[in-house]
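Please look at the structure below with its sequence beside it.

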Amino acid sequence: MSASTGARDLSKLNVGFIGGGNMAYAIAAGLFKTGVLQPNQVIVSATNLNNLRVRWNPLGVTRVTTSNAQVLQEAEIVFLCVKPHVLPACKESILVEAESIQHLASHCHEKVMVSILAGVTLARLKDTFSFLNIQHVRTMPNTPMQVGAGCTIYSAGFGKHCPGIVLSYYEDIKFMLNQLGLAYEVNEAQMDGITGLTGCGPAFVYEIIEALADGGVKQGIARDMALKMAAQTVMGAAKTVLETGKHPAVLKDEVCSPGGATIHGVHELEKGAMRATLMNAVEKSAARAKELS
């Protein structure tokens, strides 16, 4: 795995989102927050125009449409953010509209579509949109992108033989993903397995935060305070792992004084098979991602 680095000026880039749901919003919000993109560079499509306006206008995004083909026409990089089962309908809508938009297909070979669809392979994307001859990148992001703390894996469906403009857009994509947190290029064969960790993992951690907060409430702490303390504790522990480079087991031992309160709590976690349960959750989610593909 390797992460991309190096600053890039994306001020003249147009970025589109086909699908304006949670992940599209998280990506765009994160890019605006970091200053990588401005709202006027973004165009978003979905079936309900009013819902798009209600959700995206507060972010400053005014280019909203029900036309997926319009997004492809106006943007150089297009994030495909629909549900996997909607993919056939998405294809048909573009296919129908493409007939009325002059030169759309002929220009798409110099554009890049970035799919976030779990389980949808690069081969399937290429086959689905073969009439566009567009280039594809498959990604698995996660929602903490919206606060600049995401973790994304990605894999490209093209090589160095592609037009230079496509390779330049690929560098833009890698730059954007890295501005939203950690981002790693991986072999596509690894995508489904890693999805269980990075794509689904935030939900597991939210469960942990909620449980920690409940434990605090049981000890008489006010709910709002307990929730903030739990979230800060998890964030602090994660930051310590990343910034010190120490193994979590070493850091755990540093907190566990002999006969102290922490080791008694750790013992309870072990009795509840917390580690095995989390490992099983990652494994089960990864298996489901493979089933989707």
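Aspartate 172 is buried, its relative accessible area being 7%, where buried means under 20% relative accessible area, exposed means over 50% and partly exposed lies in between, with a 1.4 Å probe and protein chains only. This is a predicted model, in which local features need pLDDT of at least 70 and side-chain atom pairs count only at pLDDT 80 or more, while totals for chains, interfaces and linings use all residues. Residues are numbered from 1 along each chain as its sequence is written, and side-chain values use heavy atoms, with hydrogens and water left out.

Aspartate 172 belongs to helix 7, which covers residues 164-179; helices (H or I, at least four residues) and strands (E, at least two) are DSSP runs, numbered from the N terminus. When residues up to four places away in sequence are not counted, aspartate 172 touches Arg8, Leu10, Leu13 and Ile77, a contact being heavy atoms within 4.5 Å.

With those terms in hand, the whole chain can be described. The secondary structure comes to 13 helices and 8 strands, and the C-alpha atoms fill a box of roughly 75 × 40 × 35 Å along the principal axes. Of the 293 residues in the chain, 40% are buried. Among the contacts between residues at least 6 apart in sequence, 69% join residues at least 24 apart.

The chain exposes about 15,600 Å², of which carbon and sulfur atoms supply 56%; these areas come from the Shrake-Rupley method with a 1.4 Å probe, and for residues only the protein chains shown count as cover. The 25 positive and 24 negative charges have mean positions 2 Å apart, with Lys and Arg counted as positive, Asp and Glu as negative, and His and the chain ends not counted. Each charge is placed at NZ of Lys, CZ of Arg, CG of Asp or CD of Glu.

In the model, asparagine 68 lies in helix 3 (residues 68-74) and is buried, with a relative accessible area of 11%. Leaving out residues up to four places away in sequence, asparagine 68 touches Ile18, Ser45, Cys90, Ser93, Ile94 and Glu97.

The other record, also from an unreviewed UniProt entry, is the annotation "domain: Pyrroline-5-carboxylate reductase dimerisation", which covers residues 188-292. Over residues 188-292 the chain is 83% helix and 0% strand, and the end C-alpha atoms are 14 Å apart. Leucine 251 is in helix 11 (residues 248-255) and counts as buried at 14% relative accessibility. Its contacts, residues up to four places away not being counted, are Thr240, Val241, Thr244 and Lys246.

Glutamine 135, in strand 6 (residues 135-140), counts as buried at 15% relative accessibility, and its contacts beyond four places in sequence include Cys108, His109, Phe158 and Val166. Glycine 150, in strand 7 (residues 150-156), is buried at 6% relative accessibility; among its contacts beyond four places in sequence are Asn142, Pro144 and Leu182.

How many disulfides does the structure hold? The structure holds 0 disulfides, a disulfide being a pair of cysteine sulfur atoms within 2.5 Å. Cysteine 151 is in none, and the nearest cysteine sulfur, that of cysteine 200, is 12 Å away.

The backbone deserves a last look. Most residues other than glycine have a negative phi. Asparagine 133, although not a glycine, has a positive phi of about 55 degrees; it lies in the loop between helix 6 (122-128) and strand 6 and is partly exposed, with a relative accessible area of 48%. Alanine 273 also has a positive phi, near 55 degrees, in the loop between helix 12 (261-271) and helix 13 (274-292), and counts as partly exposed at 34% relative accessibility.

Key
UniProt positions are given in the numbering used here, feature names are shortened, and annotations may be inferred rather than shown by experiment.
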